[in-house]
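Please look over the sequence and the 3D structure shown here.

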Amino acid sequence: MREFNRVRFVEQGSAARGFHAMGRMVVPIVASWLAGSVCAMAQEPVRTEPVVVTATRIEEKVSEQASSVSVVTREDMDQKIPSLAGDVLQGIPGVDVQRTGSLGGLENIKIRGGKSTHTLVMIDGFPLNSPSSGEFDISALPVNGFGRVEIVRGAQSALYGSNAMGGVVNFIPREGEEGRQYGAGLAAGSFNTLQWSGFGQGAGKGTNLHLGVSGLKSDGTLTNDDTDLFSFAGSGEIPLGERNRIHLVALSTDEERGIPIDDRGPDPVARRKRRDFLGGIRWETAVAKSVRLSVSGAGFDESLHVSEPPDPSLVGSSDFRVKTRKTLFRVEGTLSTSPVSTTFLGFEYVKDRAQNDAVFRFPPFPDFVTDVSASTYNRSYFLQEELRFRKRTGVSLGARLDDNSEAGTKVNPKVAVFHRFDRVDVTLRSAYGKGFRVPTIVEKFDPTSGNPGLSPETAISYEAGADFRPKGTRTVVSATYFYQDFRGLIQQGAPTPGHPFGQLQNVGGAFSRGVEAQATWWFHPAVGAGVSYTYTDTGTKNASPAVAAITDRILGIPQQRGTASLLFSPSPRLQAQFDWRLESDQYEFGPTDVLPGRRPGNAVVNAQARYAWNPAGSEVREIALTMKVQNLLNRDYEERKGFPSPGFNFLLGAELAI
């Protein structure tokens, strides 16, 4: 803790110098746009409504969705100036993304009170959740490689199978634009943070290609808190005749990071290395005017090495290695017999393999060694019927049958409906669905706590909501009530002679219910405001007496979470935003806790600005200057219990596109 306070004190000193530097940068920018902002305000264009594919696997407008859907566009990402993927998900109703400390710390996505294993994470429709842990850590995902992010809340197993109990997050790669374009970006700031990126893209005659690389280095705020990330993301489309198209996607990430705090306490020597690779291909063909067919294949490999070497100040040591592979094959068909009906059906085969090797050393006791190596497969058949009546009423009917080698057969339905009242620009919607999660390979076969008899976790999800979108404006107001009933949750059982650390059991049940609300209002062409709020009431059943004596809430979920934003766009060149993020307390296990404890609530103010212009008479398409300031009031807080979040910090950058 002394080391942390010393680093915080030093950073406060650098904060003053940072404010002076930002002042020198901001003054000429402000002066340049003030003169021309008045006439530009009247010309502010209305944004095009986003089209999404994740909710129904069919391209449809957000306003024509019966489920709760949020879309983060490329424009939104540029305005948020994110460093990593978790930054773009902040402020989404019902979505919790909490980082363990500094940049590069673990980040998982939780939706509507569910666990991170209940959120299915995908890239371009290809699933990423680990066969070993059941979740996906998004801390290494590159932001510049994605054109938009689609978030669908509520049980989605009728379309996507296991892990989609609470919702789905789909990162959609960027597409090439007309002509050839190149660009690069560089940013630097607090904690010796250096962030860089580059891309090349192009499109023409039905072909498009986008390739991007990025990197990030930072010392962090604690001892052994450094991060070094490198990533590559690419996507492209190639036409084959008039009816066929080939779509390709590739992602590679390489991460090395210190682990400043772990189950041994403050740790000066623990390290983590992680490498991910995704390769996917999709062939699409128009069999007839009303019939389309696609065939997809993908492979996703993950390699993780966590080392906790011996150290005189610590007890014990360990070495943990994980290698997983997910292989997918999918066939999908779409039949549109009329403007009213679109039928979607498909078959999917997924094979998961995982190998976990661990060595734990606590001298003078003998080494404790675990070795888990297994594979599972899942075959599924799914059917979705989309009915649209005069574009005002929509009905979604879906079901999926999954045949898993370890979990048996599961059937999950979904029903959703919406109706739009044109006179008042209000859409009412409701949805019901079931979801499930297959136990992971480690949960079933780990020699210390695994249980081959585990059954899938399940959830029943209900929601009802309303959206208000006045035509010709950028105003959106929405509210949703949700209820989720979790059953058969997998929890650690009491110690037994054969399992001194306890064996996993299907003993838990829980519920989450609450309200999601969001509003954006441009009350002036140049000034707007946004509010996002989520209230989540949770409760558990059959928790251990020790945990139940502390709290009956689901661990790791704040009851209240919200963001209030002030938006400025005085001219097409300048965009600025101030965010006030609030989060109530939550109960969870810290890295060294035997029992869960309370993590206090927090309130943090962030700001970001982007100024871009097109030099006249130059081949340069755009030059942009960016500024991001986080924790503007320098608050001491934690997003996750036991992991101090950074104090005041800033990042200044420049981007060039030609």
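Asp 124 sits in the loop between β6 and β7 (126–127). The model is a predicted one. Is Asp 124 buried or exposed? Its relative accessible area is 12%, so Asp 124 is buried, since buried means under 20%.

## Val 169 in strand β9

Val 169 belongs to strand β9, which covers residues 167–173. Val 169 counts as buried because its relative accessibility is 1%. Set aside the neighbours within four places in sequence, and Val 169 still has a list of contacts. They are Ile 109, Ile 111, Thr 119, Leu 120, Val 121, Met 122, Val 149, Glu 150 and Ile 151.

How far apart in space are Val 169 and Pro 127, C-alpha to C-alpha? The distance is 9.8 Å, while 42 residues separate the two in sequence.

Met 165 is placed in the loop between α5 (157–160) and β9. Its relative accessible area is 0%, so Met 165 is buried. Follow the chain from Met 165 to Phe 436 and the separation is 271 residues. In space, their C-alpha atoms are 5.4 Å apart.

Phe 436 is also a contact of Met 165, and so are Gly 435 and Arg 437. Other contacts, again leaving out neighbours within four places in sequence, include His 118, Gly 154, Ala 155 and Ser 157. Glu 457, Thr 458 and Ala 459 are in contact with Met 165 too, as are Gln 484 and Phe 486.

Start with the loop between β20 and β21, where Pro 364 is found. A cis peptide bond links Pro 363 to Pro 364, with omega at about 10°.

Two other residues have a positive phi without being glycine: Phe 191, with phi near 60°, and Asn 631, with phi near 55°. Phe 191 lies in the loop between β10 (179–189) and β11 (193–204). Asn 631 lies in the loop between β34 (622–630) and β35 (638–640). Are these residues buried or exposed? Phe 191 has a relative accessible area of 14%, so Phe 191 is buried. Asn 631 has 1%, so Asn 631 is buried.

## The whole chain

Now step back. How many helices and strands does the chain have? There are 7 helices and 37 strands. The C-alpha trace spans about 75 × 65 × 45 Å along its principal axes.

Does the radius of gyration agree or disagree with that of a compact globule? A compact globule of 658 residues would have a radius of gyration near 26 Å; the chain has 25 Å, so the two agree. Of the 658 residues, 55% count as buried. Take the contacts with a separation of 6 or more: 62% of them join residues 24 or more positions apart. The accessible surface comes to about 28700 Å², and 60% of this belongs to carbon and sulfur atoms.

## The largest cavity

Rolling a probe the size of a water molecule over the atoms shows where empty space is left. How many cavities of 30 Å³ or more does a search of the whole structure find? The search finds 13.

The largest cavity has a volume of about 430 Å³. It is lined by 35 residues, and the closest to its centre are Ser 162, Asn 163, Lys 326, Val 350 and Asp 352. At least two lining residues each come from β6 (119–123), β19 (317–335), β20 (341–361), β21 (368–389), β22 (393–404) and α6 (441–445). The largest share, 4 residues, comes from β20. By type, the lining has 13 nonpolar, 11 polar and 11 charged residues.

## The second largest cavity

The second largest cavity holds about 110 Å³ of space. Its lining has 16 residues, and Gly 91, Arg 561, Gly 562, Thr 563 and Leu 582 are the closest to its centre. Which elements give two or more residues to this lining? They are β28 (527–541), β29 (560–571) and β30 (574–583). The lining divides into 5 nonpolar, 8 polar and 3 charged residues.

Notes: Residues numbered from 1 in each chain as written. Predicted model: local features only at pLDDT ≥ 70, side-chain atom pairs only at ≥ 80, totals over all residues. Heavy atoms only, no water. 1 Å grid on protein atoms, 1.4 Å probe; cavity = no way out; pocket = protein on both sides within 12 Å on 5 of 7 lines; lining within 4 Å. Points joined across faces, edges and corners; volume = space filled by probe spheres on them. Nonpolar A, V, L, I, M, F, W, Y, C, P; charged D, E, K, R; others polar. Buried < 20%, exposed > 50% of the residue type's maximum accessible area, 1.4 Å probe, protein only. Rg over C-alpha atoms; globule rule 2.2 N^0.38 Å. Contact = heavy atoms within 4.5 Å. Areas by Shrake-Rupley, 256 points an atom, 1.4 Å probe, with all protein chains shown as cover.
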